[in-house]
Amino acid sequence: MAEGEAPDILKWLRDWLWRRWGWRGAFAFALSGVTLFVWTNTDKIASWPGISWLVEHMSRDGVPRADPKRFTILVAKFDNDVKDEQRKVLLHGLLEFKGVEVLPLDRTIAADGPISEEAERAGHERAREFLKESGGSVVLWGTVLRVDGKAVPRVWWTPDEDGPRDGRYVTDSALRLPELFWTDLSSILDLLISRHDAESAANEGHFVADRLVTTVARVRTLLNATKGRSGWTPEQIARTRLVLAGSLTTLSEQTGQTKPLNEAVVAYRAALEEYTRERAPLDWAMTQNYLGIALCSLGEREGGTARLEEAVAAHRAALEEWTRARAPLEWAMTQNGL
């Protein structure tokens with residue numbers, strides 16, 4: 001092909017399209033040329049100022065939706081995370097914990113460089129926007145630091161309300177998350193559970209059974225997965241069982257169902273395995289009293305006196321620590337129940 005022949009062919013093709021289809025043909029010809037140029041120069045175009053941001057923005061996945069019956073952790077992308085490696089370690093470690101739902105969030109929240117208080121506050125606000133959109137419980141976000149040549153993620157935990165915290169987590173040679181990470185996770189979940197309990201107390205006397213179904217499902221799933229896991233103290237487990245039992249008791253009262261009340265009795269007795277009289281005498285007495293109340297409610301619904309006799313035993317056990325001198329108000333409340 002002689003030099004200059006290709007442009008002549010293109011000119012002929014353009015003129016022919018114009019004669020055949022008018023402006024529609026010319027437009028199709030121009031569009032084909034632009035498409036060919038973009039196809040053969042994709043990498044170069046993607047690096048142009050403004051275009052790179054547009055490409056990244058358009059390639060993002062949407063904000064995932066959380067399962068309302070589980071505590072959900074969103075894991076955002078980290079700044080300075082080469083090939084997304086540190087986030088993958090976090091995601092892999094969390095996925096082994098079946099008590100929560102783990103969802104990758106295709107967004108970067110933290111800014112490059114040192115994080116000032118103002119930038120940190122803005123990061124938490126942005127994270128809560130994603131929580132509101134997704135219905136999740138907490139967002140993990142942050143940046144990757146280089147310490148002695150090792151990548152160390154600095155992670156911020158943002159729950160749906162107050163109580164954010166941060167930590168630096170160094171994995172071992174097998175890329176396992178350290179004990180500190182699981183301790184921080186248990187503290188965050190403990191905070192969320194306590195908030196559920198406080199909201200239930202604030203709404204006492206109101207119909208909240210529909211919301212309690214969600215709370216019960218989340219806490220039950222979490223408890224089933226925390227057995228034997230690191231980071232969970234006996235006190236946290238016992239407190240979580242009390243929240244579950246209290247929610248089940250209220251659910252039974254508001255729906256008239258007996259099954260939740262039976263499950264509440266099981267949960268109270270399981271809490272007593274952690275809140276032992278020797279380890280936490282006052283908490284043990286409190287749990288005995290709650291157990292007595294639940295057993296009394298069951299006794300009112302069932303025939304016979306077996307449940308009422310168990311309730312009497314639980315209240316009397318509580319009075320062994322909730323004495324009149326030591327806890328007069330609690331003593332009076334238990335005597336009333338007895």
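I start with contacts along the chain. Of the contacts in the chain with a separation of 6 or more, 61% are between residues 24 or more positions apart. This is a predicted model, so keep that in mind throughout. The chain has 13 helices and five strands. There are 338 residues in the chain, and 41% of them are buried.

Next, the core. The largest nonpolar core has 60 residues. Within that core, Leu94, Phe97, Trp157, Phe181 and Leu189 touch the most other members. Take phenylalanine 181 as the example: leaving out residues up to four places away in sequence, Phe181 touches Leu90, Leu94, Leu140, Trp157 and Tyr169. Another core, of twelve residues, lies apart from the largest one, and its members include Leu103, Ile109, Leu131 and Trp141.

The largest pocket has a volume of about 690 Å³. It is lined by 24 residues, and the closest to the pocket centre are Asp197, Gly246, Ser247, Thr250 and Tyr290. Which of them supplies the largest share of the lining? That is H9, with nine residues. By class, the lining of the largest pocket consists of ten nonpolar, ten polar and four charged residues.

The second largest pocket holds about 340 Å³ of space. Here 18 residues form the lining, and His196, Glu199, Arg211, Thr215 and Arg218 are the closest to the centre. H7 supplies at least two residues of this lining, and so does helix H8, residues 209-226. The lining of the second largest pocket divides into five nonpolar, seven polar and six charged residues.

Let me stay with H8. This helix has 18 residues and reaches 25 Å from its first C-alpha to its last, close to the 26 Å expected at 1.5 Å a residue. The buried residues of H8 include Leu212, Thr215, Val216, Val219, Leu222 and Leu223. Arg218 is also among the buried residues of H8, and Arg218 is one of the residues closest to the centre of the second largest pocket. What do the buried residues of H8 pack against? They pack against H7 and H9. Just after H8, glycine 228 takes a positive phi of about 80°.

With 16 residues at 1.5 Å a residue, H10 should span 22 Å, and its end C-alpha atoms are 24 Å apart, which agrees. Among the buried residues of H10 are Pro260, Leu261, Val265, Tyr268, Leu272 and Glu274. The cover over the buried residues of H10 includes H9, H11 and helix H12, residues 306-319.

Lysine 132 is found in helix H6, residues 117-134. Is lysine 132 buried or exposed? Its relative accessible area is 74%, and the cut-off for exposed is over 50%, so lysine 132 counts as exposed. Lysine 132 and arginine 65 are 67 residues apart in sequence, with their C-alpha atoms 10.0 Å apart in space.

That is what I had; I can take questions now.

Key
Residues are numbered from 1 along each chain as its sequence is written. This is a predicted model: local features need pLDDT of at least 70, side-chain atom pairs count only at pLDDT 80 or more; totals for chains, interfaces and linings use all residues. Side-chain values use heavy atoms; hydrogens and water are left out. On a 1 Å grid over the protein atoms alone, a cavity is a set of points where a 1.4 Å probe fits but cannot get out, and a pocket is an open set with protein on both sides within 12 Å along at least five of seven lines; lining residues have an atom within 4 Å of a point. Grid points are joined across faces, edges and corners, and a volume is the space filled by probe spheres set on the points. Helices (H or I, at least four residues) and strands (E, at least two) are DSSP runs, numbered from the N terminus. Ala, Val, Leu, Ile, Met, Phe, Trp, Tyr, Cys and Pro count as nonpolar, Asp, Glu, Lys and Arg as charged, and the others, Gly among them, as polar. The expected span of a helix is 1.5 Å times one less than its number of residues. Buried means under 20% relative accessible area, exposed over 50%, partly exposed in between (1.4 Å probe, protein chains only). Contact means heavy atoms within 4.5 Å. A nonpolar core is a set of buried Ala, Val, Leu, Ile, Met, Phe, Trp, Tyr and Cys residues joined through side-chain atoms within 4.5 Å.
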